[in-house]
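Visitor: I have not looked at this one before. Can you walk me through it?
Guide: Here it is; ask as you go.

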Amino acid sequence: MITNKLYYEDVSLVANMDLPWEKLSNASIMITGASGLIGSFMVDVLMLKNINESFGCKVFAVGRNQKKAYEIFHDYLDNSLFEFIKHDINYPLHMDFSDSVDYVLHLASNTHPLAYATDPIGTITANIIGTNNLLQFASEHNTRRFAFASSNEIYGENRGDVEFFSEDYCGYINSNTMRAGYPESKRCGEALCQAYLKQKGLEIVIPRLTRSYGPTMLMTDTKAISQFIRKAIDGEDIILKSAGNQYYSYTYVSDAVSGLLTALLKGVSGEAYNIADIKSDITLKELANLIANSVGRKVVFEIPDDLERSGYSTATKARIDGSKLQNLGWSAKYDITNGIQRTIDILMDKK
């Protein structure tokens with residue numbers, strides 16, 4: 001992927017942001033979920049700095065699938081500043097680290113509807129047991145700062161009293177449902193972070209991601225936007241499995257990663273930060289049409305099956321307020337139109 005001109009531009013743009021990079025220089029960072037949409041882009045940013053600069057940031061990439069990780073990170077396997085660790089975060093991490101792990105970025109989680117429906121237990125345990133295991137690891141390895149990647153889904157359903165969700169908003173979630181496993185376990189993960197901050201003195205920030213997309217998405221991802229993009233690059237009509245009135249915030253992967261880095265390096269310990277920009281708020285129907293038009297196809301409606309429906313979010317309006325992170329100097333570089341076009345162009349070239 002890094003050999004693609006547009007993708008390289010995206011990675012370089014983040015790598016050259018005006019951030020206090022000196023905090024990561026000659027330090028170490030552990031990234032869980034490293035092979036995923038966000039994690040793989042983050043690894044590319046840090047390794048680009050290692051290769052192009054005398055940055056010296058040791059990257060520990062954690063994931064369950066070694067074969068997939070070796071394919072994604074093939075170019076880094078012989079680099080002394082990169083190490084892949086095969087591990088399931090649902091089990092305690094016992095590694096012989098001679099030095100401290102300065103930063104931990106916890107990105108590992110089920111993040112798409114089919115996973116919620118077919119592995120609801122794994123969805124919950126990764127966000128609670130896995131998070132606890134990593135927080136314990138961080139507290140034992142002199143970690144300077146821990147970042148727990150949370151989700152806009154923790155806000156639940158809009159109560160009709162606000163247009164945008166700020167970090168202190170709390171909407172309705174029916175906890176007595178299978179689908180509640182994802183948002184409720186993310187809420188619990190955030191509570192665990194606050195507990196470790198208080199009891200162990202661990203520095204923690206909580207970046208909250210919106211619905212993210214980009215060329216590093218997995219082809220197995222069942223989020224609506226991922227399915228739309230996959231259909232587009234295959235030259236097929238876009239299938240919409242609802243009326244499409246859901247009004248959500250979306251974030252292109254490079255903006256999501258730049259937001260994560262801003263929260264990690266500039267955020268206040270104990271605070272949560274929404275990574276969102278109003279220029280990427282769109283209804284699902286408008287999104288489907290945008291993607292269809294970009295490749296000269298049309299949108300068709302299809303009734304979802306019971307398994308698909310059980311994994312869908314019940315939130316109909318979830319627009320996220322990103323002003324708190326913007327006050328730290330972050331800004332999104334791509335709106336939804338440019339981000340979608342960039343994603344399709346890169347994936348079409350890869351194909």
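**Helix packing and cores**

Guide: The crossing of helices α7 and α9 is right-handed. Keep in mind that this is a predicted model.

Visitor: At what angle do the axes of α7 and α9 cross?
Guide: Roughly 20°, and the axes come within 10 Å. Angles under 35 degrees count as roughly parallel, so α7 and α9 are roughly parallel to each other.

Visitor: Which residues make the contact?
Guide: From α7, A224, I225, F228, I229 and A232; from α9, L284, L287, A288 and I291. By class, that contact has nine nonpolar residues, no polar ones and no charged ones.

Visitor: What does I291 touch?
Guide: Leaving out residues up to four places away in sequence, I291 touches I225, F228, I229, A232, I238, I340 and I344.

Visitor: OK, the largest nonpolar core. Which of its residues touch the most other members?
Guide: L24, I29, I31, L287 and I291, out of 81 residues in that core. Helix α2, residues 37-52, gives the most to this core, with nine residues. A second, separate core has 23 residues, including V62, A108, F148 and I206.

Visitor: Change of topic. What is phi of N26?
Guide: Near 60°, a positive value in a residue other than glycine. Most residues other than glycine have a negative phi.

Visitor: Where is N26, and is it buried or exposed?
Guide: N26 is in the loop between α1 and β1. Exposed means over 50% relative accessible area, so N26, at 62%, counts as exposed.

Visitor: And where is N142?
Guide: In the loop between α5 and β5. Phi of N142 is near 55°, also positive, and N142 is exposed, with a relative accessible area of 58%.

Note on methods
Residues numbered from 1 in each chain as written. Predicted model: local features only at pLDDT ≥ 70, side-chain atom pairs only at ≥ 80, totals over all residues. Heavy atoms only, no water. Core = buried A, V, L, I, M, F, W, Y, C linked by side-chain atoms within 4.5 Å. Buried < 20%, exposed > 50% of the residue type's maximum accessible area, 1.4 Å probe, protein only. Helix = DSSP H or I, 4+ residues; strand = E, 2+ residues; numbered from the N terminus. Contact = heavy atoms within 4.5 Å. Axes fitted to C-alpha atoms, helices over the stretch in contact; angles between N-to-C directions. Parallel < 35°, antiparallel > 145°, perpendicular 65-115°, else oblique. Left-handed = near helix turned anticlockwise from the far one by under 90°. Nonpolar A, V, L, I, M, F, W, Y, C, P; charged D, E, K, R; others polar.
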